[in-house]
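The sequence and the three-dimensional structure are shown first.

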Amino acid sequence: TLIKYFKNDQAIFNLLTFAFFLRALLLILNNFFFDLPGSTFDARTFEYIASEFSNQYGLKVIFNMFQNDVYLISRIISFFYSLTAQSEMMAQSISLGLGTASVYLVYRLSMMLWDKNISIKAAWAVSIYPPMVLYSVLTLREVYVNFFLLLTLIACVSLIKNLFKKKIIYKNRISNLNNNIKLLIFIVGGFFILKYFHGAIFTGLFIFLFFIGYLFFEQELNNLKKGIIKYKIILLFLIILMPIFLWFQKILYIPYIPGIDEILRFDEVLLRRFNLGSVSAVHGIYGASYPNWTIPNNNIEFIPKTFLRIIYFLYSPFPWDLKRIVHSFGFLDTLFILYFTICALRNRRAIWENRETRFLLFVLITFIIIYGVGTSNFGTAIRHKSKFIFILICLAAPKLQKIRFF
């Protein structure tokens with residue numbers, strides 16, 4: 001596939017070949033020499049459940065893919081198990097394929113924001129970013145979320161570009177409308193699939209709808225001041241309110257997102273979660289849990305300490321949190337995130353001036369807040385960040401250092 005489609009573009013060919021063989025090397029090491037970090041617990045559970053689904057349902061598993069649990073990845077793998085035979089290495093190879101494809105999709109998303117040279121830098125950064133490399137060869141949900149979220153965000157950026165073009169030729173309006181409807185269906189379908197991989201990602205759909213609504217409101221503000229209300233504003237307002245109404249009525253269930261009853265006592269729900277994650281269930285005080293001083297003792301401390309936990313989510317483990325050798329992998333992740341953050345801050349003006357990058361920034365901030373307040377240890381934080389950190393890399397891409405191999 002690499003040779004057929006990218007042989008005429010040497011830069012992309014070199015990038016994807018490197019990304020593939022780096023991941024393939026780790027996959028081989030994991031299967032024949034030693035266990036990679038994160039290759040036990042959840043990874044083996046998902047693989048075991050896949051074999052159980054394959055034995056129980058066979059190819060009929062395709063008819064009950066979407067259930068309100070965390071095993072969509074197991075159902076997908078079980079489909080391939082039913083076609084051939086159970087193989088843990090094959091399950092990991094599916095992740096490898098999706099991980100390599102995600103490197104290319106980062107390039108495509110960046111190309112919609114910047115130029116080719118900048119996009120190549122973003123894709124190289126993703127190809128060597130340790131957590132994304134690691135989770136590309138394990139039977140975990142992270143690489144699946146990467147792949148489908150990238151496809152969905154590419155569609156989101158395309159729709160924003162189409163809706164707010166400066167000039168639209170009249171004879172092309174019908175084809176443009178049809179294309180926009182297809183993109184909207186693709187976006188809703190993409191977030192629907194992502195909901196069953198990890199529910200919190202579904203909030204990206206709300207951010208997209210609110211952002212589109214804001215842009216239309218900004219565009220129609222002069223007409224609204226004159227008392228002119230166009231039908232498309234009313235229609236868009238109803239579309240934005242629909243998922244909120246369904247969530248409020250408890251018809252739309254979003255895993256990991258509190259319902260309307262829990263929102264009213266959100267501080268109690270969060271405080272209980274903070275206390276539950278104060279000590280690692282496996283490694284005790286030598287685990288990856290956040291320090292106890294990050295847990296609020298009263299309502300006055302709640303907001304500042306919640307903010308501190310978000311900082312811990314992004315940049316932990318700090319040097320004083322390193323208690324075991326395996327924690328050094330987390331510290332390497334911290335160095336990468338710090339570098340990406342600095343580059344994004346240096347590029348802040350360009351990010352804010354562009355509609356598409358501003359949308360991606362809002363999505364990134366939303367995910368950081370949601371996962372930041374719901375995470376109590378930096379081991380889990382690394383996995384959660386790897387689901388969407390490519391957004392930060394795309395935003396920081398113009399200021400990233402170019403990688404050269406001699």
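## Backbone features in loops

Phe41 is found in the loop that lies between helix H2 (10-32) and helix H3 (42-57). Although Phe41 is not a glycine, its phi is positive, at about 50°. With a relative accessible area of 61%, Phe41 is exposed. The model discussed here is a predicted one.

The peptide bond that joins Ser316 and Pro317 is cis, with omega about 5°.

## Overall composition

The protein chain contains 19 helices and 0 strands. Of the 406 residues in the protein chain, 50% are buried. When contacts between residues at least 6 apart in sequence are considered, 72% of them join residues at least 24 apart.

## Packing of H8 against H18

Two packed helices are described by the angle between their axes and the distance between the axes. For helix H8 (residues 142-163) and helix H18 (residues 355-373), the axes come within 9 Å and cross at roughly 140°. H8 and H18 are therefore oblique to each other, since the roughly antiparallel class requires an angle over 145 degrees. The crossing of H8 past H18 is right-handed.

On the H8 side, the contact is made by Leu149, Leu153, Cys156, Val157, Ile160 and Lys161, and on the H18 side by Arg355, Glu356, Phe359, Leu360 and Phe367. Sorted by class, the contact of H8 with H18 comprises 8 nonpolar residues, 3 charged residues and no polar ones.

## Packing of H8 against H19

H8 also packs against helix H19 (residues 378-396): their axes come within 9 Å and cross at roughly 25°. This angle makes H8 roughly parallel to H19, because angles under 35 degrees fall in that class. H8 passes H19 in a right-handed crossing.

H8 contributes Glu142, Val145, Asn146, Leu149, Leu150 and Leu153 to this contact, while H19 contributes Arg383, Ser386, Lys387, Phe388, Phe390 and Ile391. The contact of H8 with H19 divides by class into 7 nonpolar, 2 polar and 3 charged residues. Leu149 and Leu153 of H8 take part in the contact with H18 and also in the contact with H19.

## The largest nonpolar core

The largest nonpolar core has 115 residues, of which Tyr144, Leu149, Phe208, Phe359, Phe388, Phe390 and Ile391 touch the most other members. H8 supplies the largest share of this core, with 13 residues.

Leaving aside residues up to four places away in sequence, Tyr144 touches Ile73, Ile76, Ile77, Ile94, Ser95, Leu98 and Phe197.

## Asn299 in H15

Asn299 is part of helix H15. Its relative accessibility of 60% places Asn299 among the exposed residues, as the exposed class covers values over 50%. The C-alpha atoms of Asn299 and Leu271 are 9.9 Å from each other, and the two residues are 28 residues apart along the chain.

Technical notes
Residues are numbered from 1 along each chain as its sequence is written. This is a predicted model: local features need pLDDT of at least 70, side-chain atom pairs count only at pLDDT 80 or more; totals for chains, interfaces and linings use all residues. Side-chain values use heavy atoms; hydrogens and water are left out. Axes are lines fitted to C-alpha atoms, for helices over the stretch in contact, and angles run from 0 to 180 degrees between N-to-C directions. Helices (H or I, at least four residues) and strands (E, at least two) are DSSP runs, numbered from the N terminus. Angles under 35 degrees count as roughly parallel, over 145 as roughly antiparallel, 65 to 115 as roughly perpendicular and the rest as oblique. A crossing is left-handed if the near helix is turned anticlockwise from the far one by less than a right angle, and right-handed if clockwise. Contact means heavy atoms within 4.5 Å. Ala, Val, Leu, Ile, Met, Phe, Trp, Tyr, Cys and Pro count as nonpolar, Asp, Glu, Lys and Arg as charged, and the others, Gly among them, as polar. A nonpolar core is a set of buried Ala, Val, Leu, Ile, Met, Phe, Trp, Tyr and Cys residues joined through side-chain atoms within 4.5 Å. Buried means under 20% relative accessible area, exposed over 50%, partly exposed in between (1.4 Å probe, protein chains only).
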